[in-house]
Amino acid sequence: MVAGAGARAGWFGMAVMMVLVWALIIVGIVALIRYFTGSHRSHPSGPPPSSTDPGWGSRRAEDLLAERFARGEIDEGEYTRRLTLLREHR
């Protein structure tokens with residue numbers, strides 16, 4: 001009688017582990033899909049700036065330039081050169 005109870009507990013434990021393994025696999029696949037499709041990137045909240053706002057395009061360009069510098073896509077010299085160029089043409 002004791003051996004039967006242990007066997008049932010073993011089967012139950014294996015079933016729980018199998019559910020956990022499949023859940024982990026599914027979460028991993030979803031995470032990879034979100035990573036490769038770009039869903040993990042934060043999107044700015046609020047309405048986009050209006051085109052009637054003076055200087056809205058140059059501010060957005062400066063923000064993009066700052067993001068590229070922060071990511072290491074351009075070096076400091078390139079950043080300052082482009083920033084100066086953007087500010088001259090406002």
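**Salt bridges and a nonpolar patch**

The structure holds six salt bridges, each a side-chain nitrogen of Lys or Arg within 4 Å of a carboxyl oxygen of Asp or Glu. The model is predicted: local features need pLDDT of at least 70, side-chain atom pairs count only at pLDDT 80 or more, and totals for chains, interfaces and linings use all residues. Residues are numbered from 1 along each chain as its sequence is written, and side-chain values use heavy atoms, without hydrogens and water.

One of the bridges pairs Glu-62 with Arg-87, with 3.4 Å between the closest N and O atoms. Glu-62 sits in helix α2 (residues 56–71) and Arg-87 in helix α3 (residues 76–88), so the bridge ties together parts 25 residues apart in sequence. Glu-62 is buried, at 12% relative accessible area. Arg-87 is partly exposed, at 47%. Buried means under 20% relative accessible area, exposed over 50%, partly exposed in between (1.4 Å probe, protein chains only).

Within helix α3, Glu-78 and Arg-82 are four residues apart, about one helical turn. Their side chains meet in a salt bridge of 2.4 Å, N to O. Arg-82 is partly exposed, at 32%.

Elsewhere, salt bridges that share partners join Glu-67, Arg-68, Arg-71 and Glu-73 into one network. In the bridge between Glu-73 and Arg-68, the closest N and O atoms are 3.0 Å apart.

Now the nonpolar side. Met-18, Val-21, Trp-22, Ile-25, Ile-29 and Ile-33 form a nonpolar surface patch, with about 580 Å² of accessible area together. Patch residues have over 30% relative accessible area and no salt bridge; like charges are joined within 9 Å, nonpolar side chains (Val, Leu, Ile, Met, Phe, Trp, Tyr) within 5 Å. Ile-25 lies in helix α1 (residues 2–37).

Methods: Accessible areas come from the Shrake-Rupley method with a 1.4 Å probe; for residues, only the protein chains shown count as cover. Helices (H or I, at least four residues) and strands (E, at least two) are DSSP runs, numbered from the N terminus.
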